[in-house]
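Hi everyone, thanks for coming.

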Amino acid sequence: MSASATPANRAAEQPLVDVRELRTWFELRQWGFLKLGSVKAVDGVSFSLYRGESVAFVGESGCGKSSLARTLLGLHRPTEGDVVFEGESMSRLGRRGMRDYRARVGYVQQDPFGALAPFMDVRRILAEPLKVQGVRGRAERERRIRDVLEEVRLSPADDYLRKFPHMLSGGQQQRVVIARALILEPSLLIADEPVSMLDASVRVEILDLLYRIQQKRELTLAFITHDLSTVRHFADRIFVMYAGRVVETATVTELLDHPQHPYTRALLAALADPDPDNALAMREVPGGEAPSLLNPPSGCRFHPRCPRHMPGVCDVDDPGNFEPRPDHLSACWLHR
Ligand code: SF4
């Protein structure tokens, strides 16, 4: 973790990424023309990320964290709001601007095999982004490819350059994905569940590799995960997401030691004791499913599952952010 992790002591710094009231919605249509509504995958999210920090976005499947990641990558255009990256507004970027933008944001996907073109060998996989970004000269491209393979510990490079994805193990495939994400020397690296499809024995190695690269390059790392247990060791801050929104934010130790929002408390309780017979641990674990993002619940979106739901308040009014502890935000009426 970086020493200057809290946003308070970086307030004078220009953020690397400034996300302002971001909404990423997807129209849902029947038979191609009948509009059924909009899936509000990201619905009013604001935060800043600083250079060299490592943050984790945590939440259940369908909470909007991957849509948020893809918006930050420039793969989805915001429906409303904006992403300001290194002082430049995404909403003002044209085609060429977006191409340059994507070179500054690296992406590590969840499924390494699906992320790699099966008909390309490792050399070609790593050469493609360099060609697209106009890095001329075969020798220069070859030097950068070999350097990045060393960095992700696929060494010696000669053993891997001519291999196709199916000739590599899952861990080696993920190292190639990480190498491809790094080869254009991005300022921000987004890792979307980067170890969830790997064998348990390889997960720690890949997490350790990401951590070391982030530290060495002083990268900003945004780690997307449903698993709170993986973030303690390398994240500076955590953003807990629920139904398209960020419901709690704090530094990692503060949030894990003093969770405030009932949803975060439920996630942690489930983590602390997965035994369904333990009534104490289960007391705060919410039943039911995450809500539909087509028609999210009124008021606080967590109210249908919340054990502390206050009728007439939580189901009516949307809680804003409260600060129950210093530098710790929670969107819950309990902190009113
Ligand atoms: Fe629960 Fe109400 Fe807080 Fe929402 S606002 S998390 S329903 S107590």
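Helices H4 and H5 cross in a right-handed way. Please keep in mind that this is a predicted model. To find the pair, look for H4 at residues 122–132 and H5 at residues 138–151. How far apart are their axes, and at what angle do the two helices pack? The axes lie 10 Å apart, and the angle is about 120 degrees. Angles from 65 to 115 degrees would count as roughly perpendicular and those over 145 as roughly antiparallel, so H4 and H5 are oblique to each other.

Now, which residues meet here? From H4 we have Val122, Arg123, Leu126, Ala127, Leu130 and Lys131. On the H5 side, their partners are Arg141, Glu142, Arg144, Ile145, Arg146, Val148 and Leu149. That contact between H4 and H5 is made of seven nonpolar residues and six charged ones, with no polar residues.

Let's move over to the sheet. It is open and has four strands, in the order E2-E1-E4-E5, with antiparallel pairing. Which strands sit at the edges? They are E2, residues 34–49, and E5, residues 88–89, and each of them pairs on one side only. E5 is joined by two bridges to E4, residues 80–85, and the two strands run antiparallel. If you zoom in there, you'll see Val84 with its bridge partner Ser89 in E5.

One more helix belongs in this picture: H1, residues 65–72, packs on the sheet. H1 touches E1, E2 and E4, and its direction makes about 115 degrees with that of E1, which covers residues 17–30.

Conventions: Residues are numbered from 1 along each chain as its sequence is written. This is a predicted model: local features need pLDDT of at least 70, side-chain atom pairs count only at pLDDT 80 or more; totals for chains, interfaces and linings use all residues. Side-chain values use heavy atoms; hydrogens and water are left out. Axes are lines fitted to C-alpha atoms, for helices over the stretch in contact, and angles run from 0 to 180 degrees between N-to-C directions. Angles under 35 degrees count as roughly parallel, over 145 as roughly antiparallel, 65 to 115 as roughly perpendicular and the rest as oblique. A crossing is left-handed if the near helix is turned anticlockwise from the far one by less than a right angle, and right-handed if clockwise. Contact means heavy atoms within 4.5 Å. Ala, Val, Leu, Ile, Met, Phe, Trp, Tyr, Cys and Pro count as nonpolar, Asp, Glu, Lys and Arg as charged, and the others, Gly among them, as polar. Two strands pair if DSSP finds at least two bridges between them.
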